[in-house]
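Open the model in your viewer and keep the selection tool at hand. The tour goes from one selection to the next.

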Amino acid sequence: MDHPILNQTALAYCPVIDRNRNVIATRLTVFPLNPSATLDPRALLDALAEAWPNGGSQLWLNVASEGLLRDLIVAQPGTHIVVEVPAFMASAAENTEPMCTLHANGSTMLLKGRPLQELPREVLDCFKYAIVDFEEDRRIDQTTGGAGVAPEGIPRHIGHVQAGVSNVPDMETSFRRGAAAVLGWPIDDVIKVGNKPADQPSLQVIVMLIDQVHKQDDIEVLETTLKRDPPLAYKLMRYINSPAFGLSVEISSFRHAIMILGYQRLKRWLALLLATASKDPNMKPVMYAAVRRGLLMEELARISGDDEMRNELFICGVFSLLDRMFQQPFSDLLKTIPVPERVYQALADNTGPYEPYFRLVQAIEGSSVYDIKEAAEALMIGFGDINQAIIKAMAAATQLE
């Protein structure tokens, strides 16, 4: 569906991750492109419902507009949408009644930042967690000796989620202090703290299969390779038969998959398996990011690309974190994993026609509206198309899970 409000906003996303490294929600940030414009909150909710339907996965909504956020609270979004409310808005008396009504209807809210004074009990009870920046906690600890007490002696009455975590030691500190979750994941630093490279047998089998599919070896050769890892065969069948794949018949065997899909489409899903095969808990958020990168880059290519470009951008996205998993530079890693030349250029050299797409996806993950605008201008893609691609990619990722 066409949603005009997507032309008036910029969207960005990041995962919400608990101490077990599980992704428990998606945080979506909404930036109005014209801060003075009046936006329809119901139109926004209708647009987001494609990826986050009522009763589906949880969405944390971070709206960078006081007016739109106030109207959104009044509009009473579904209970699967968790609304973030800045502390200054939570402290304003005119917002008390709509917040309490939203809470009474079963919705969850998050308090963003620390209020300058203690909130009334009826307002505080509306919030499940407070989102607290790590650096703010660090400053408080320096003045209170690590007591975890807010300025002016205001205690922390509710649990908290940590924002601004940029490295693994800070992340571990956050969880040790009782954080329920962190916003985002220090992907680069996860690798630098001594994790072993991904060397599970499944990964080696998938790499071998990708090479065999690339060379279009006989089906018997591929079947023999896959039989080395029965759990991998099961996972491949599960992916291929998922709603995201859109097949009208059930695939019952690997041979059947090749006959129905062909080598190119099969290679695409082997790439997805490779990006999600690590058993390291710290890699779960990395794999989450890789899948969404691939799906988003594919959707962005639908705007002006052909089937070949869409397939290559999908592989570019899902492979974009393999250097972290294998702890090898792409220039070495891609000698063993065959990829198209344009994918190699983007991953190993940061050049070529796919590099601007990769930069746009990284900007969206980083939730910087300035970087998103700059990357969008470089590709000459409108925000309506970009935001529709984000929503479709998030919906497809949910179907895969």
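Select R70 to begin; in this predicted model, R70 counts as partly exposed, with a relative accessibility of 27%. R70 sits in helix α2. Apart from neighbours within four places in sequence, R70 is in contact with M89 and N95.

**Helices α1 and α2**

Keep α2 on screen and select α1 as well. Helix α1 covers residues 41–48 and helix α2 covers residues 66–75. Two packed helices are described by the angle between their axes and the distance between the axes. Here the axes come within 9 Å and cross at roughly 75°. Angles of 65 to 115 degrees count as roughly perpendicular, and α1 and α2 are therefore roughly perpendicular to each other.

Show the side chains where the two helices meet. On the α1 side, pick P41, R42, L44 and L45; on the α2 side, pick L68, D71, L72 and A75. The residues of this contact divide into six nonpolar, two charged and no polar.

**Past the end of α2**

Next select Q76, in the loop between α2 and β4. Most residues other than glycine have a negative phi. Q76 is partly exposed, at 24% relative accessibility.

**Helix α4**

Move to helix α4, residues 96–104, and select P98, M99 and L102, which are buried. On which side of α4 do they lie? They cover an arc of only 100° around the axis, so they are on the same side of α4. An α-helix has 3.6 residues a turn, so residues three or four places apart point the same way.

To see what covers the buried residues of α4, display α2, β4 (81–86) and α3 (87–90), then β5 (109–112), α5 (121–124) and β6 (127–133), which are included in that cover. Then turn the view to the face of α4 directed away from its buried side, where the exposed residues E97 and A104 are found. Just after α4, select G106, which takes a positive phi of about 95°.

**Salt bridges**

Side chains of opposite charge can pair when their charged atoms come close. How many salt bridges does the model contain? The count comes to 17.

- Select E172 and R21. They form a salt bridge whose closest N and O atoms are 2.7 Å apart. E172 lies in helix α7 (residues 168–176) and R21 in the loop between β1 (9–18) and β2 (23–32), so the pair ties together parts that are 151 residues apart in sequence. E172 is partly exposed, with a relative accessible area of 31%, whereas R21 is buried, with a relative accessible area of 11%.
- Select E365 and R293. The closest N and O atoms of this salt bridge are 2.9 Å apart. E365 belongs to helix α18 (residues 355–366) and R293 to helix α13 (residues 284–301), so parts that are 72 residues apart in sequence are tied together by the pair. R293 is buried, at 5% relative accessibility.
- Select R359 and E355. Their side chains meet in a salt bridge, 3.2 Å from N to O. Both are in helix α18, four residues apart, and are separated by about one helical turn. R359 counts as partly exposed at 32% relative accessibility, while E355 is buried, with a relative accessible area of 18%.
- Select E220, E223 and R255 together. These residues are linked in a network of salt bridges.

**Last stop: Q327**

Finish with Q327, in the loop between α15 (322–326) and α16 (330–333). Q327 has a positive phi of about 55° although it is not a glycine. Is Q327 buried or partly exposed? At 34% relative accessibility, Q327 counts as partly exposed.

Definitions and conventions. Residues are numbered from 1 along each chain as its sequence is written. This is a predicted model: local features need pLDDT of at least 70, side-chain atom pairs count only at pLDDT 80 or more; totals for chains, interfaces and linings use all residues. Side-chain values use heavy atoms; hydrogens and water are left out. A salt bridge is a side-chain nitrogen of Lys or Arg within 4 Å of a carboxyl oxygen of Asp or Glu. Buried means under 20% relative accessible area, exposed over 50%, partly exposed in between (1.4 Å probe, protein chains only). Axes are lines fitted to C-alpha atoms, for helices over the stretch in contact, and angles run from 0 to 180 degrees between N-to-C directions. Angles under 35 degrees count as roughly parallel, over 145 as roughly antiparallel, 65 to 115 as roughly perpendicular and the rest as oblique. Contact means heavy atoms within 4.5 Å. Ala, Val, Leu, Ile, Met, Phe, Trp, Tyr, Cys and Pro count as nonpolar, Asp, Glu, Lys and Arg as charged, and the others, Gly among them, as polar. The arc is that of the directions from the helix axis to the C-beta atoms.
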